[in-house]
Amino acid sequence: MHQQRTSIHPIPPKRIVLEPRHLIVLACFLATLSAYVERVGFSIAYTAMAKVDNVDEATKGTVLSAFYWGYGVAQVPGGWAAQRWGGQRMLMVSFGLWSTASMLTPGSASSQSAILLARVAVGIAQGFLIPSVHTVLSQWIPPHERAKAVSLSTSGMYLGSAAGMLVLPSIAARAGPGALLKFVGALGFAWLAFWIVVGREVPHRLATIPLASGESKQKGRTPATPWLRMLTQPAVWAIIINNFAFHYAFYVVMNWLPTYFDKVLNANLASLGGVKTLPYLAMFATSNLGGWFGDYLIHQRKVPTATARKLVNTMGFLGAAMALMFMPTARTVTSGVTATTCVLGLAGFARGGFSVNHMDIAPKYAGILMGISNTAGTLAGVIGVSVTGLLLESNAGQDISSGWWQAFAACAVQCVAGSAVFVIAAKGNRLFGNDTDN
């Protein structure tokens, strides 16, 4: 009698498959990273140019703010264009335009008119970016992955800022500001080449995956954008107000950080090395954490979507408000960096609430809604930076602590007020994009 032998074959290890939507998210992350490397790069390059040509502070402020002239007006048109022609195409237009404008920017501050024109052009082109990213993600990413996808994609802004602050000054010092501008322009073209290979045209108005549970995939003409319904919906205004509050605090802290370190902490920010990137790195980490935590609450703990978004939003904004009030009390570099990192880290966490909520309530119109709220965010930056200067000036100069108390308190009040509005008015269900909109 022969004993039958049973051959045992080892089970092959499970292969990790990178699906197309994962490549799309990676590309969107690299898009925001590249755009913010460009912003930091121009700031570094122009600072070096202005020093050579003895440019006064008023002119420097005008040139550095020119980007936002174009960026602010392009948000809503960018969202509309992404909905009309597709986010994939508009991302190509955005990167093609701003990369060209960056490479053509003069390397001398004496060419002021040409530099201003180039910065407005870069602002307009980059104004298409975030609405287009939201449009692409709304069409490629299923509902249960959207918070993580949006958080990861937008966190590229902060990692790009940190990377730019670490790497680009040495390029400017060795090769000159003109070469630095061409370098960041070439980086944009490199991303464009990557997108041409990876980016896939999503069938217009016919997503390959449901925009929300239970949504039918109807073919037909593109529905008209429900502008009036959107602009009269309290949940939309909750997002807009919170975007304003977030960017008010963000732009005030980041634009006035060198002055804060100089006047309050008696330290030169440029001499701090890698320490000065900690706030950006914290935002990179916490903006992802906020998205992941929100998805965990919704899909693992079965918390309603609106409740999860409100919880993440409130935790982030209230924490940031408390940390803002510690900033004027700091007296050492360590305490100042710690307070600043807490402010921006907690504000980044809040993005897992209001910033993701665009896709909860209006997945079909996520790009347009993001354009509207981001316009408010850009306006907040312009107002906040100017108001902070007035508060410091009215309190007898930048070295008087009462001015800093008032400036940071203005940020904190808006964070608290924004979170309260979001708790009252925000929704988690789809409000726009129903069949009745067709």
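**Figure 1. Overview of the predicted protein model.** Residues carry numbers that start from 1 along each chain as its sequence is written, and side-chain values rest on heavy atoms, with hydrogens and water left out. Because the model is predicted, local features need a pLDDT of at least 70 and side-chain atom pairs count only at pLDDT 80 or more, whereas totals for chains, interfaces and linings use all residues. The secondary structure consists of 15 helices and zero strands; helices (H or I, at least four residues) and strands (E, at least two) are DSSP runs, numbered from the N terminus. Of the 438 residues, 55% count as buried. Buried means under 20% relative accessible area, exposed means over 50%, and partly exposed lies in between (1.4 Å probe, protein chains only). The accessible surface comes to about 19,100 Å², and carbon and sulfur atoms hold 66% of that surface; such areas come from the Shrake-Rupley method with a 1.4 Å probe, and for residues only the protein chains shown count as cover. Among contacts (heavy atoms within 4.5 Å) with a separation of 6 or more, 85% join residues 24 or more positions apart.

**Figure 2. A nonpolar surface patch that includes Trp85.** Trp80, Trp85 and Trp227 form this patch, and together they have about 320 Å² of accessible area. Patches are made of residues with over 30% relative accessible area and no salt bridge; like charges are joined within 9 Å, and nonpolar side chains (Val, Leu, Ile, Met, Phe, Trp, Tyr) within 5 Å. Trp85 belongs to helix α2, which covers residues 57–85. With a relative accessibility of 42%, Trp85 is classed as partly exposed.

**Figure 3. Helix α9 and its residue Trp237.** Helix α9 covers residues 234–263. From its first C-alpha to its last, α9 reaches 41 Å with 30 residues, close to the 44 Å expected at 1.5 Å a residue; the expected span is 1.5 Å times one less than the number of residues. A kink of about 55° is found at Leu257, shortly before the proline Pro258. The bend at a residue is the angle between axes fitted to the seven residues ending there and the seven starting there. Helix α9 is mostly covered, as 22 of its 30 residues are buried. Trp237, however, is partly exposed at 39% relative accessibility. Leaving aside residues up to four places away in sequence, Trp237 touches Leu231 and Thr232. The C-alpha atoms of Trp237 and Val421 are 8.8 Å apart in space, although 184 residues separate the two in sequence.

**Figure 4. A salt-bridge network of Glu19, Arg21 and Glu145.** A salt bridge is a side-chain nitrogen of Lys or Arg within 4 Å of a carboxyl oxygen of Asp or Glu, and by this rule the protein has five. Between Arg21 and Glu19, the closest N and O atoms are 2.3 Å apart. Glu19 is partly exposed at 34% relative accessibility. Between Arg21 and Glu145, the corresponding distance is 2.7 Å. Arg21 lies in helix α1 (residues 20–53) and Glu145 in the loop between α5 (129–140) and α6 (146–175), so this pair ties together parts that are 124 residues apart in sequence. Arg21 is buried at 19% relative accessible area, and Glu145 is buried at 17%.

**Figure 5. The salt bridge between Asp295 and Lys148.** The closest N and O atoms of this pair are 3.2 Å apart. The pair links distant parts of the chain, with Asp295 in helix α10 (residues 278–299) and Lys148 in helix α6, 147 residues apart. Asp295 is buried at 4% relative accessibility, whereas Lys148 is partly exposed at 21%.
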